[in-house]
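Thanks, everyone. Please bring the model up on your screens, and I'll talk you through it.

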Amino acid sequence: MVEIRKDYFTDLLCIVSDEGVEWSSGQEDVNGGVCLYCAGNEHLTPPAELVLLQSQGTLVKAYDSEDERVKNWSIRVIPSKKPFVSLSSSQRYSDAPLYSEPAFGYHYEVVVTPDHSETLSTIGVDQWSNVLRVIQDRMKWLYGKKGVTYVSVYSEHKRGHTRFNMVTLPRLPPIIEQEATIFQKTYHETAICPMCNVVSIETGGPRQIILSEHYIVFSPWAPSTLYEFWIFPRRHQTSFLKVGQKELNDLALVMRAALGAFDKTFNSTPYTLVLHSSSEKKVSKQLHWHFEVYTNVLLGNSLHVGTGLYFNPVPPEQAASRLGSAARRELAALVGVA
Ligand SMILES: [Zn+2]
Ligand SMILES: [Zn+2]
Ligand SMILES: [Zn+2]
């Protein structure tokens, strides 16, 4: 049984699963001391449905077969061994107050490097660019499938071998629903995108971390975690799938610089990187796509659990000034090397 259940009173949703997923902290990819995702251990995972590898100086796509795995890869996309959603989810629905619906979906993992010690804060800008392209490619492919309303994309730093998770959902998740509703309402009333408005307010302001030709990185006004930061395209764009190659390279540089700076400044503090992008399903409400980076340092957690309110002792203006100088140094080093 894997199903999406809704709280008695609020819009809070929970995927409830009895499929025996064993939870452990941090080391879930290590099997008897062997990492499933490292180069050389390809046979420990299901066959990769997409592999990127260097061949005669260019990147080529390949695929594993049941009994043969592609070696010398640079990025692999594999079905998750511990999926949050299921293709064989039951078709059971039930009504409020015990509301439930099938948690039908696909769960893939994008292994961003063959090297266990590399992270999103250390891989090269070219590799970052390739990772973003692979994510775009897989999102397009997943949105073409039945029962996929939203493709959720995120990565957890310091939770074993670096990878992105791609989990499809049969409905818009609550945060996307909220952001898209605000977008739709504001746009309808004022003909202005609220996210473009935020970009214009934060550009050159006290919370800006770095600015590139196409992107702005800034600390949000009301950050829920310490040193949280967001990355927005400066120009209005609804979907991450619309980002062209030139912009993608700029995004790769900005992401690498910001995450590299973060990692150095805060000594490898764990963080979670999430993508918020419009659903590609025609009926869905749109939003201005962006990435958000949450550090896994949540203070006043009990206050939050009990009230929904966060506590943050570092004003975003202070966080931005600290991260900003580190990110500018990182950017200079990256561009200098390139
Ligand atoms: Zn590994
Ligand atoms: Zn916009
Ligand atoms: Zn968002």
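α1 passes α4 in a right-handed crossing. Helices here are DSSP runs of H or I with at least four residues, strands are runs of E with at least two, and both are numbered from the N terminus.

One caution before I go on. This is a predicted model, where local features need pLDDT of at least 70, side-chain atom pairs count only at pLDDT 80 or more, and totals for chains, interfaces and linings use all residues. Residues are numbered from 1 along each chain as its sequence is written, while chains are lettered from A and ligands numbered from 1 in the order in which they are written.

Back to the helix pair. α1 covers residues 125-143 and α4 covers residues 245-265. Their axes lie 8 Å apart, at an angle of about 120°. Axes are lines fitted to C-alpha atoms, for helices over the stretch in contact, and angles run from 0 to 180 degrees between N-to-C directions. α1 and α4 are therefore oblique to each other. The cut-offs: under 35 degrees is roughly parallel, over 145 roughly antiparallel, 65 to 115 roughly perpendicular, and the rest oblique.

Who makes the contact? From α1, Val 125, Trp 128, Ser 129, Leu 132 and Arg 133. From α4, Leu 248, Asn 249, Leu 251, Ala 252, Leu 253, Met 255 and Arg 256. Contact means C-beta atoms, placed from the backbone, within 7 Å. Nonpolar is Ala, Val, Leu, Ile, Met, Phe, Trp, Tyr, Cys and Pro; charged is Asp, Glu, Lys and Arg; the others, Gly among them, are polar.

Now the domains. Domain 1 is 2-169 and domain 2 is 174-337. These bounds come from an automatic or database domain assignment. The domain centres, taken over C-alpha atoms, are 22 Å apart. Domain 1 puts 21 residues into the contact, and domain 2 puts in 26. On the domain 1 side, α1 and β10 (150-156) each supply at least two residues. Which element gives the most to that side? α1 does, with 9 residues. That side divides into 10 nonpolar, 6 polar and 5 charged residues.

On to the sheets. An open, antiparallel sheet of 11 strands runs β6-β5-β7-β9-β11-β10-β15-β16-β14-β13-β12. Strands pair if DSSP finds at least two bridges between them. The edges are β6 (58-62) and β12 (208-211), each pairing on one side only. Val 77 has Val 110 of β9 as its bridge partner. Helix α3 (residues 194-202) lies across β12, β13 (215-218) and β14 (229-233), at about 70° to β13.

There is also an open sheet of 3 strands, β2-β1-β8, again antiparallel. β2 (13-17) and β8 (100-102) are its edges. The twist averages 30° from one strand to the next. β1 (residues 2-6) pairs with β2 over 5 bridges. One of the residue pairs is Arg 5 with Cys 14 of β2.

Two backbone details to finish. The Ala 96 to Pro 97 peptide bond is cis, with omega near 5°. Pro 97 sits in the loop between β7 and β8. Then Ala 191, in the loop between α2 (174-190) and α3. Ala 191 is not a glycine, yet its phi is positive, near 60°.

Notes: A crossing is left-handed if the near helix is turned anticlockwise from the far one by less than a right angle, and right-handed if clockwise. Two residues are in contact if their C-beta atoms, placed from the backbone, lie within 7 Å.
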